[in-house]
Amino acid sequence: MKYILMMNGKKSDFEGYARWSKEDLQANVSFMRAFSKELKDSGVFVSTEGLGWPSEAKLVKAGKNGEPITDGVFPESKEFLAGYWIIDVESPEQAYKVAARASQAPGPGGKPGNMPIEVRPVLSGHADLGL
Amino acid sequence: MKYILLMSGTRAGVEAYHAWPKQDIDAHMAVLHRISQDLTESGEFVGTQGLTEPKEAKVVRGEKNGLPVTDGIFPESKEFLLGYWIVDVANAERAYAIAGRISAVSLNIPIEVRQFATYEGKSR
């Protein structure tokens, strides 16, 4: 079963992250690299991506003639996707264990960040929705 | 340049979608499938994925006694990711055009467009 593990944060969380010391940032990135390697070594890795900053995010709708209309204004409370992992595991419990490990990525001062990770099964086909 | 196009919605929005007649859902899925085909033909397609319903979502934090701490409680206003497309395009405008096309066939709901991050010039 495939699961997506998502890290989300508000714009203010991203701004806080940008103010971390260089060592703390490096420790966090090293953890993420080692974590991906661990997932690969254990055979559950499907993919991972980090996203660009919320300041670069745009919302797009189609205009009357199908032309894109972009807007970069989001509510303060908006949760932006920071990055994700997709893993292929045997059970939801295994996905939660992996998520808990991601949650312990080091934060400022090297302490576990304990940030919440959203875990969702991904669809293998639309039949999964029961539609 | 790689961009991710994110389609999100609240739990209420997802429930309203499920109440659509089957033929409308099938027609919507057929257009989304066509868009993926077009992107494959133009060489811009990287991947797409739909997610299961918000009611199956859990939030996980670090461990207590070696066990992950899970909960499935989210605010009403929470926007859940419904699905995404990853495209590899020449510029941002092209990513916006594709997002506009997806929005146009999906009740004009806004599609969030984000570029992928790199750290020290490398992809993570």
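Strands are DSSP runs of E with at least two residues, helices are runs of H or I with at least four, and both are numbered from the N terminus. Two strands count as paired if DSSP finds at least two bridges between them. The model is predicted, so local features need pLDDT of at least 70 and side-chain atom pairs count only at pLDDT 80 or more, while totals for chains, interfaces and linings use all residues. Residues are numbered from 1 along each chain as its sequence is written, and chains are lettered from A and ligands numbered from 1 in the order in which they are written.

| Strand pair | Sense | Bridges |
|---|---|---|
| β3(A) and β6(B) (residues 111-115) | antiparallel | 3 bridges |
| β1(B) and β6(B) | antiparallel | 5 bridges |
| β1(B) and β5(B) | antiparallel | 8 bridges |
| β2(B) and β5(B) (residues 80-88) | antiparallel | 5 bridges |

Across the chain boundary, A:Leu59 stands opposite B:Glu112 in β6(B). Within chain B, B:Tyr3 stands opposite B:Gln115 in β6(B), B:Ser8 faces B:Leu81 in β5(B), and B:Gly47 has B:Ile86 of β5(B) as its bridge partner.

The contact between the chains takes 42 residues from chain A and 40 residues from chain B; two residues are in contact if their C-beta atoms, placed from the backbone, lie within 7 Å. On the side of chain A that touches chain B, at least two residues each come from β1 (2-9), α2 (22-41), β2 (45-50), β3 (58-62), β4 (68-71), α3 (92-103) and β6 (117-121) of chain A. That side divides into 23 nonpolar, 9 polar and 10 charged residues. Here Ala, Val, Leu, Ile, Met, Phe, Trp, Tyr, Cys and Pro count as nonpolar, Asp, Glu, Lys and Arg as charged, and the others, Gly among them, as polar.

Chain B has 3 helices and 8 strands, following the pattern β-α-α-β-β-β-β-α-β-β-β along the sequence. Of its 124 residues, 27% count as buried. A residue is buried if 20 or more other C-beta atoms lie within 10 Å of its own, exposed if 12 or fewer, and partly exposed in between, with C-beta atoms placed from the backbone.

In β1(B), 6 of the 8 residues are buried. Beyond its neighbours within four places in sequence, B:Leu5 contacts B:Tyr84, B:Trp85, B:Val87, B:Ala95, B:Ile98, B:Ala99, B:Ile102, B:Ile111 and B:Val113.

Helix α3 (residues 92-104) of chain B has 13 residues and reaches 18 Å from its first C-alpha to its last, close to the 18 Å expected at 1.5 Å a residue, the expected span being 1.5 Å times one less than the number of residues. Its buried residues are B:Ala95, B:Tyr96, B:Ile98, B:Ala99, B:Gly100, B:Arg101, B:Ile102 and B:Ser103. Their cover includes β3 and β4 of chain A together with β1 (2-9), α2 (22-41), β5 and β6 of chain B.
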